Amino acid sequence: MEVKDWTNVSFEEGRLTLRQWREDHARRSEEIVELWEHVLSRSPNSLNDELWIIYEQVCIAALDCGRQDVAVECIAALEKQFRGSNRVMKLKAMEFESIGRYEDALHVYDKLIEATNAGFRKRKIAVLKVRGERGDAIRQLNEYLKVFLNDNEAWLELSQMYLREGDYSRAAHCIEELLVANPFNSLFFRRIADIRYSQGGVDNIELARTYFEKAGQLNHSDARSYYGVVMCCNSLLPKSSGNRKKELQNSAENALSQLEKIYQEPGNANVTLNRKVVEQLRKGITSC
């Protein structure tokens, strides 16, 4: 990304730049604060009604890069203009978070939370996580998902939280909920395959193989899923015989063939090394 000295741009360029970054949801916190301090703050009244959304943008950026002094200034201006506004209260709670006053932040979020407001609930959960109150965070996130069932990010986060607790079954259930709504998402198939493989046991590893294969079918360049298939087959083959053994060897061979195709594509580095790895895996499969 090009490094630019934002202290010497014109007022109008600074204004248009902040507007563009808002529309692009760009996270350029230090540059936003720099533009505000050196350019736009010199004549805030010239921003007209856009001043208030810029105050909010600058406040969040300032909190992101540890400039509490700028954030406090923005919040004070917004509180004066929009007394009692939920958006301003959220900024105040975020300020509390940034200086470690988590109890005060939770108190504000509790005031803001309503059944239809997802943002405030998620901020509260984030605070509970930072405080190490993982059990409460999991309970709150489960309650949140009863209302906002289609929030993919929340299901992913809950799955990760369960994994940190070693609760693989519940972590897998979260990904299953995602697959119901996103049946063609290869990443979710690979994620649940990883979880099932980590659980161990013949049944879970067989499920993992099925999920890895599905992920590979949906994304033919997903080398990690093909390696997952081979790993599962390696684990299952010593306990198999007859037609079952042949099925697993064929499954592994198909995955290895796909890996070879990936490594033959232009631009792949370490082609020779990767081919040697595939050949070693093939020898391991045929020797089982």
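**Helix contacts, cysteines and loops**

Reader: Which residues of helix 13 meet Val277, Leu281, Gly284 and Ile285 in helix 15?

Author: Tyr227, Val230, Cys233 and Asn234 of helix 13 meet them. Contact here means heavy atoms within 4.5 Å. A helix is a DSSP run of H or I with at least four residues, numbered from the N terminus.

Reader: What kind of model is this, and how are residues numbered?

Author: The model is predicted; local features need pLDDT of at least 70 and side-chain atom pairs pLDDT 80 or more, while totals for chains, interfaces and linings use all residues. Numbering runs from 1 along each chain as its sequence is written, and side-chain values use heavy atoms, with hydrogens and water left out.

Reader: Why is helix 13 called roughly parallel to helix 15?

Author: Helix 13 (residues 223-236) and helix 15 (residues 271-287) pack at about 25°, with axes 10 Å apart. Angles under 35 degrees count as roughly parallel, over 145 as roughly antiparallel, 65 to 115 as roughly perpendicular, and the rest as oblique. Therefore helix 13 is roughly parallel to helix 15. The axes are lines fitted to C-alpha atoms over the stretch in contact, with angles from 0 to 180 degrees between N-to-C directions.

Reader: What is the handedness of the crossing of helix 13 with helix 15?

Author: The crossing is left-handed. That term applies if the near helix is turned anticlockwise from the far one by less than a right angle; clockwise makes it right-handed.

Reader: How do the residues of this contact divide by class?

Author: The contact of helix 13 with helix 15 has 6 nonpolar, 2 polar and no charged residues. Nonpolar covers Ala, Val, Leu, Ile, Met, Phe, Trp, Tyr, Cys and Pro; charged covers Asp, Glu, Lys and Arg; the others, Gly among them, are polar.

Reader: What makes helix 12 and helix 13 roughly antiparallel?

Author: Their angle is about 155°, and their axes lie 8 Å apart. The angle is over 145 degrees, so the pair counts as roughly antiparallel. Helix 12 also passes helix 13 in a left-handed crossing. Helix 12 contributes residues including Ile205, Arg209 and Phe212, and helix 13 contributes residues including Tyr226, Val229 and Cys233. By class, this contact has 10 nonpolar, 4 polar and 3 charged residues.

Reader: How do you know that helix 3 is roughly parallel to helix 5?

Author: The axes of helix 3 (residues 50-64) and helix 5 (residues 86-98) come within 10 Å and cross at roughly 15°. That angle is under 35 degrees, so the two helices are roughly parallel. Ile53, Glu56, Cys59, Ile60 and Leu63 of helix 3 meet Arg87, Leu91, Met94, Glu95 and Ser98 of helix 5. This contact divides into 6 nonpolar, 1 polar and 3 charged residues. Helix 3 passes helix 5 in a left-handed crossing.

Reader: How many disulfides are there?

Author: The count is 0. Cys59 is in no disulfide: the nearest cysteine sulfur, that of Cys74, is 5.5 Å away. A disulfide needs a pair of cysteine sulfur atoms within 2.5 Å.

Reader: What makes Cys59 and Cys233 buried?

Author: Buried means under 20% relative accessible area, exposed over 50%, and partly exposed in between (1.4 Å probe, protein chains only). Cys59 is at 0%, so it counts as buried. Cys233 is also at 0%, so it is buried.

Reader: Which residues of helix 2 are buried?

Author: Ser29, Glu31, Ile32, Val33, Leu35 and Trp36 are buried in helix 2 (residues 29-38). The buried residues of helix 2 pack against helix 1 (11-24), helix 3 and helix 4 (68-81).

Reader: Why is His25 called exposed?

Author: His25 has 73% relative accessibility, over the 50% cut-off, so it counts as exposed. His25 lies in the loop between helix 1 and helix 2. Its phi is positive, about 55°, although His25 is not a glycine.

Reader: What makes Asn48 exposed?

Author: Asn48 has 53% relative accessibility, which means exposed. Asn48 sits in the loop between helix 2 and helix 3. Phi of Asn48 is near 55°, a positive value in a residue other than glycine.
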